Amino acid sequence: MSARIATVSRDTNETQISVSVNLDGEGRLAGQSGVPFLDHMLDQIARHGMIDLDINAQGDLHIDDHHTVEDLGITLGQAFADAVGDKRGIYRYGHAYVPLDEALSRVVVDFSGRPGLYMNADFTRDTIGHFETQLVAEFFQGFVNHARVTLHIDNLKGLNAHHQVETIFKAFGRALRMAVSEDPRMAGQMPSTKGSL
Ligand SMILES: [Mn+2]
């Protein structure tokens, strides 16, 4: 497989963001989003996805975190779509269950070419520090729309909202890693009888 890397820049009146991904990386996050809790979550995607992420973001944080979180999801989704290319020879599907103490989440992803987010998470708090838990869904909707994946997210258990969200992002990283990994038995074939994804 050739290098699976992509860099995407997105510039609007609300945010200026650039994201670089290397799907075959060492699990490192570089740069900052300006939203500390989101950085903690992007770090989970990088580490558990074994993806290198390089983030540069200037957002309208004087309003709130909304645009920055949503637009990082969008930009990361665009970078993923670029980096996976035509999806020949990958597993396509990925899933993971991840616990963190009392919390447990399951994430299932399909690089189907069809955007779909099916999220079931009842967070026990509206905010984690200054971070609004509503923004978790905004991030994933942005990712799904632009990576064009089907994504099922279920927080199955959890009392602590930080744990709930963190298990989702860790499971997301693990599921991505499985889905984009090279399937040696698929040997360069398209993982679909349709012939394209
Ligand atoms: Mn944590």
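**Exercise 1.** Determine whether Asp52 is buried or exposed, and find its salt-bridge partner.

*Solution.* Asp52 is buried, with a relative accessible area of 15%. Buried means under 20% relative accessible area, exposed over 50%, and partly exposed in between (1.4 Å probe, protein chains only). The model is predicted: local features need pLDDT of at least 70, side-chain atom pairs count only at pLDDT 80 or more, and totals for chains, interfaces and linings use all residues. Residues are numbered from 1 along each chain as its sequence is written, and side-chain values use heavy atoms, with hydrogens and water left out.

The partner of Asp52 is Arg28, with the closest N and O atoms 4.0 Å apart. A salt bridge here is a side-chain nitrogen of Lys or Arg within 4 Å of a carboxyl oxygen of Asp or Glu. Arg28 is partly exposed at 47% relative accessibility. Glu26 joins Arg28 and Asp52 in a network of salt bridges.

**Exercise 2.** State how far apart the closest N and O atoms of Arg92 and Asp110 are, and whether the two residues are buried or exposed.

*Solution.* The closest N and O atoms of this salt bridge are 2.6 Å apart. Both Arg92 and Asp110 are buried.

**Exercise 3.** List the protein donors of the manganese ion and their spacing along the chain.

*Solution.* Donors are N, O and S atoms within 2.8 Å of the metal (3.2 Å for Na, K and Ca); water is not among the atoms, so sites may look incomplete. The protein donors are His40 (NE2), His162 (NE2) and Glu166 (OE), at 2.0 to 2.3 Å from the manganese ion. Their spacing is H-x121-H-x3-E. His40 is partly exposed at 29% relative accessible area, and His162 is partly exposed at 28%.
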